[in-house]
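Reader: Please take one part of this chain and look at it closely. I would like the stretch where one element hands over to the next, with its surroundings described.

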Amino acid sequence: MANLKRKLTSRKLWVSIGNFVSMMLVFCNYSESKATQVAALIMAGGSVIAYVIAEGWADSTPNTNTDDTEA
């Protein structure tokens, strides 16, 4: 499960997905501007997914701070 979280939060994964989809759109004769818009949407969605997973992961990790000093 941790491996899946790491992969879903990878920027390289989302850049690869965005690039693949945008190139497929260009191949299917969509305009380059439409392909750019779709790639931007994928990157934005990937950023949101990565943020949600990272926050959930951080919230589920117990606080291991053993420093007994008070601020």
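Author: Helices here are DSSP runs of H or I with at least four residues, and strands are runs of E with at least two, numbered from the N terminus. Read in that way, the chain of this predicted model follows the pattern α-α-α along its sequence, with three helices and zero strands.

Helix α2 covers residues 11-27, and Phe20 is found in it. Phe20 has a relative accessible area of 55%, so it counts as exposed, the cut-off being over 50%. Together with Met24 and Phe27, Phe20 forms a nonpolar patch on the surface, and the accessible area of these residues together is about 370 Å².

Asn29 lies in the loop between α2 and α3. Its relative accessibility is 73%, so Asn29 is exposed. The phi of Asn29 is near 70 degrees, a positive value in a residue other than glycine. Most residues other than glycine have a negative phi.

For the chain as a whole, 14% of the 71 residues count as buried. The accessible surface comes to about 5900 Å², and 62% of that belongs to carbon and sulfur atoms.

How values were computed. Residues numbered from 1 in each chain as written. Predicted model: local features only at pLDDT ≥ 70, side-chain atom pairs only at ≥ 80, totals over all residues. Heavy atoms only, no water. Patch = residues over 30% accessible without salt bridge, like charges linked within 9 Å, V, L, I, M, F, W, Y side chains within 5 Å. Areas by Shrake-Rupley, 256 points an atom, 1.4 Å probe, with all protein chains shown as cover. Salt bridge = Lys/Arg side-chain N within 4 Å of Asp/Glu carboxyl O. Buried < 20%, exposed > 50% of the residue type's maximum accessible area, 1.4 Å probe, protein only.
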